[in-house]
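Here's a quick tour for anyone meeting this structure for the first time. Take a look at it, then read on.

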Amino acid sequence: MKIHYIGKNNSILNKFIAEIRDQNIQKDALRFRRNIERIGEILSYEISKELNFFDKVVKTPLGEKVVKTPVKDIVLCSILRAGLPLHQGLLNYFDDAENAFISAFRHHPNNDSDFEIVVEYLASPEINNKTLLLADPMLATGQSLVTVYEAIKKTGTPKEIHIVAVIGAKSGITYIKDKFPANTHLWIAAIDNDLNEKGYIVPGLGDAGDLAFGTKL
Ligand code: URA
């Protein structure tokens with residue numbers, strides 16, 4: 001797996017990361033969602049440099065120009081519900097992508113901190129030989145990503161996989177490294193050192209789904 005740590009270098013990306021972490025700015029859910037979307041847009045631009053391109057002949061009012069254009073074979077898959085703002089940011093740039101949605105939630109069978117990931121819903125096009133973008137804003141333990149990949153790969157074998165995350169924990173990144181094929185890229189905006197006993201990233205930002213869409217039962 002090739003890791004692209006985009007927030008490592010100074011750029012406007014880090015202002016958006018600072019805002020989504022800030023507990024005062026988090027009170028504005030619209031700004032939280034829009035910042036995640038903006039991060040998705042920046043990561044899209046970086047991902048686009050690794051895609052396959054073809055020569056497209058474009059007719060202008062004054063002539064013709066050959067323009068290198070990305071091949072249209074992207075399937076964009078996001079995990080409900082926290083993944084939706086990141087999905088929108090990616091779709092803003094990869095606007096002709098096909099879309100897949102999958103639900104994954106942490107089930108605590110014993111009401112303690114142990115959990116298993118349960119997938120209940122998958123709506124996906126065929127992914128055989130396509131470029132799969134797998135979006136999960138918070139790469140915490142990595143268990144959701146691996147479970148989701150196991151579910152979606154029943155619909156085909158992608159040509160290559162790009163995992164897109166906003167904040168990741170070091171241990172989660174280590175966990176997923178050997179669970180995906182070699183032709184997998186991880187695009188990540190920020191990396192944190194720790195996970196707490198509930199599997200939340202520390203310092204992270206809290207619960208991305210709740211911050212974007214409100215608390216749930
Ligand atoms: N999901 C979140 O929303 N936050 C975390 O820190 C981990 C998983």
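## Before you start

This is a predicted model, where local features need pLDDT of at least 70, side-chain atom pairs count only at pLDDT 80 or more, and totals for chains, interfaces and linings use all residues. Residues are numbered from 1 along each chain as its sequence is written, and side-chain values use heavy atoms, with hydrogens and water left out.

## Who sits around the ligand

Around the ligand you'll find Arg 106, Met 138, Ala 140, Gly 199, Tyr 200, Ile 201, Gly 206, Asp 207 and Ala 208 (a residue counts as near if one of its heavy atoms lies within 4 Å). That shell splits into 5 nonpolar, 2 polar and 2 charged residues (Ala, Val, Leu, Ile, Met, Phe, Trp, Tyr, Cys and Pro are nonpolar; Asp, Glu, Lys and Arg are charged; the others, Gly among them, are polar).

Now for the polar contacts, meaning pairs of N or O atoms within 3.5 Å. An oxygen atom of the ligand lies 2.8 Å from a backbone N or O atom of Ile 201. Gly 206 has a polar backbone atom 2.7 Å from a nitrogen atom of the ligand, and Ala 208 has one 2.7 Å from a ligand oxygen atom. On its own the ligand would expose 240 Å², and the protein buries 88% of that (areas by the Shrake-Rupley method with a 1.4 Å probe).

## The largest pocket

Where does the ligand sit? The space it takes is the largest pocket (more than half of its atoms lie within 2 Å of the pocket's grid points). A pocket here is an open set of points on a 1 Å grid over the protein atoms alone, where a 1.4 Å probe fits, with protein on both sides within 12 Å along at least five of seven lines; lining residues have an atom within 4 Å of a point.

The largest pocket has a volume of about 770 Å³. Of its 31 lining residues, Ala 104, Arg 106, Tyr 200, Asp 207 and Lys 216 are the closest to the centre. Strand E5 gives the most to this lining, with 4 residues (strands, at least two residues, are DSSP runs).

## The second largest pocket

The second largest pocket holds about 250 Å³ of space. It has 15 lining residues, with Pro 70, Val 71, Lys 72, Phe 94 and Asp 96 nearest its centre. By class, this lining has 8 nonpolar, 1 polar and 6 charged residues.

Methods
Polar contact = N/O pair within 3.5 Å; in protein donor to acceptor, adjacent residues only side chain to side chain. Points joined across faces, edges and corners; volume = space filled by probe spheres on them.
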